[in-house]
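Let's take a friendly walk through this model, with the viewer open beside the text.

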Amino acid sequence: MEARGDLRSILPLIPVVLRGGALFWPPAAQEQLKALALGPDVSRVTSGDVLADALHDLRVALSLPALPARAAEGYALFFDDLLSRAHARDWFSDVLPRLARLLLRLPALLEDHYAAATAALGLRLLSSQDAGVVLLGQELAAALLACALFCLFPTAGRGEARLPAINFDTLFAALTYNNSRPSQEHKVRCLAHYFERVTASTPTGFVSFERKVLRCGSVSGGITYPDSDAWMKSSVPLCPFRVISSGLIEDEEQEALEVDFANKYLGGGALSRGCVQEEIRFMINPELIVGMLFMASMGDNEAIEIVGAERFSQYMGYGSSFRFVGDYLDTKPLDAMGRRKTRIVAIDALDCPTKLQYETNGLLREVNKAFCGFVDASKHQFCLKPFQDSNTMDNCSSVSSDHCIGVSTGNWGCGAFGGNPEIKSMIQWIAASQARRPFVNYYTFEDASLKRLEEVIQWITHHGWTVGELWHMIVEYSSQTLKGGTREGFLTWLLPKDGADSSVDYMCE
């Protein structure tokens, strides 16, 4: 096993050690985990305060820094004050010992994983520009998340590798700040519920994590990063686009790529004080967090697709009003690989782009980011140049088993990131169409700036526009906006004016 490059790349990032061809816990840590596994009569862990002390001792046994004082306060606050006494008693007598037993199995779970997985699917560091897939069993994912709960992952070198934080110490520390406590408490409640579920009944499916890369320049056998001219010349027809004013992406009923409005660091503020779209998704589908262990930050030509993450929690609210409201039974069917048919694609938008979002470089960055997330490499494996005529693309799409999978999205990059919803909706339509997705379901979240979106979609569809034609109009509008030639929103600017020449008359002649 020492010869495996995938294992060697991940070893510095996990708390177990490899010696003599076997993985194991350091002896001192193993003894402490054995005590926790035997329950409170042996471990004496009957409160959050004592649990924090136990986690501190485990970290010392692994030669990790002491558990931060704020984090220790957070564990004590959650288990001793925020949970009911009965709920906390169940945790210390039942859930915590089961988690410790799961952690004791981690070395064996990892060995089984590497015995079954090829190097192309093994758990490993996926650095920027390193396209590839990691396939994990849900039980192994649960054990890795238990490591995060116990704050057992090494932190040295993660910053240099451009990896996000993975331990839960900052998440628990945030409980101690009064201005974020309610939403933070309910984020932790979601995760506590997940651990209760997986320790009561071990999940048996699989989750895959894929880094997708659009290669820059000419690359044999792959899809490259298109320039503006390539987009302009695309004759691919625009796919059906449905405007949905209410509802949530995660409740999508059709089979679709569900867009995670991501930070370039996967998960964003999920394990700190964030509580918006990406962070909420990571709380209700906690297996997504596992990707934060080994997925480095995304470059402009990268996206991350995660298939199979199970949903465990119901919730209500958003941001400061976020609340865990109970159990969720995920009934999504499994695919041939044992993954739930939930496909989540993380794409990070430009942050506070202001004028950049109207410049060609900014538009190109956003459409290629979305295209990278939406494209199915297997669909294009016989199409080395994805910007061909529609008949060729139709032939290519027939090789994919995912031809019925659309895109479920919304106002990507338009909240805290400050993007323009009108432009972003069109960019995602273009990218999904070029990726040969059969539909886009677009959730507007009742954004006032999109009140004419349905009207525009119908108008464009009626005139049978292609990807290239819509891209041309976005570039033209953006140029006029930068020059001060228009102050209208794109949707109003695009539609013909009563009694006036249309901005697009020449496209319809």
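Searching the whole structure, which is a predicted model, turns up 1 cavity of 30 Å³ or more. The volume of this largest cavity is about 40 Å³.

Which residues line the largest cavity? Select Phe79, Trp91, Leu149, Phe172, Val188, Leu191, Ala192 and Phe195, and you have its lining on screen. Helix 10, which covers residues 181-200, gives the most to this lining, with 4 residues.

Now move along the chain to another pair of elements. Helix 16 (residues 421-434) packs with helix 18 (residues 467-483) at an angle of about 155°, and their axes lie 10 Å apart. Angles over 145 degrees count as roughly antiparallel, so helix 16 is roughly antiparallel to helix 18. Is the crossing of these two helices left-handed or right-handed? For helix 16 and helix 18, the crossing is left-handed.

You can follow the contact from both sides. On the helix 16 side, the residues are Ile423, Met426, Ile427, Trp429, Ile430, Ser433 and Gln434. They meet Val467, Leu470, Trp471, Ile474, Tyr477 and Ser478 of helix 18. How do the residues of this contact divide into nonpolar, polar and charged? Between helix 16 and helix 18, the contact has 10 nonpolar and 3 polar residues, and no charged ones.

Technical notes
Residues numbered from 1 in each chain as written. Predicted model: local features only at pLDDT ≥ 70, side-chain atom pairs only at ≥ 80, totals over all residues. Heavy atoms only, no water. 1 Å grid on protein atoms, 1.4 Å probe; cavity = no way out; pocket = protein on both sides within 12 Å on 5 of 7 lines; lining within 4 Å. Points joined across faces, edges and corners; volume = space filled by probe spheres on them. Axes fitted to C-alpha atoms, helices over the stretch in contact; angles between N-to-C directions. Parallel < 35°, antiparallel > 145°, perpendicular 65-115°, else oblique. Left-handed = near helix turned anticlockwise from the far one by under 90°. Contact = heavy atoms within 4.5 Å. Nonpolar A, V, L, I, M, F, W, Y, C, P; charged D, E, K, R; others polar.
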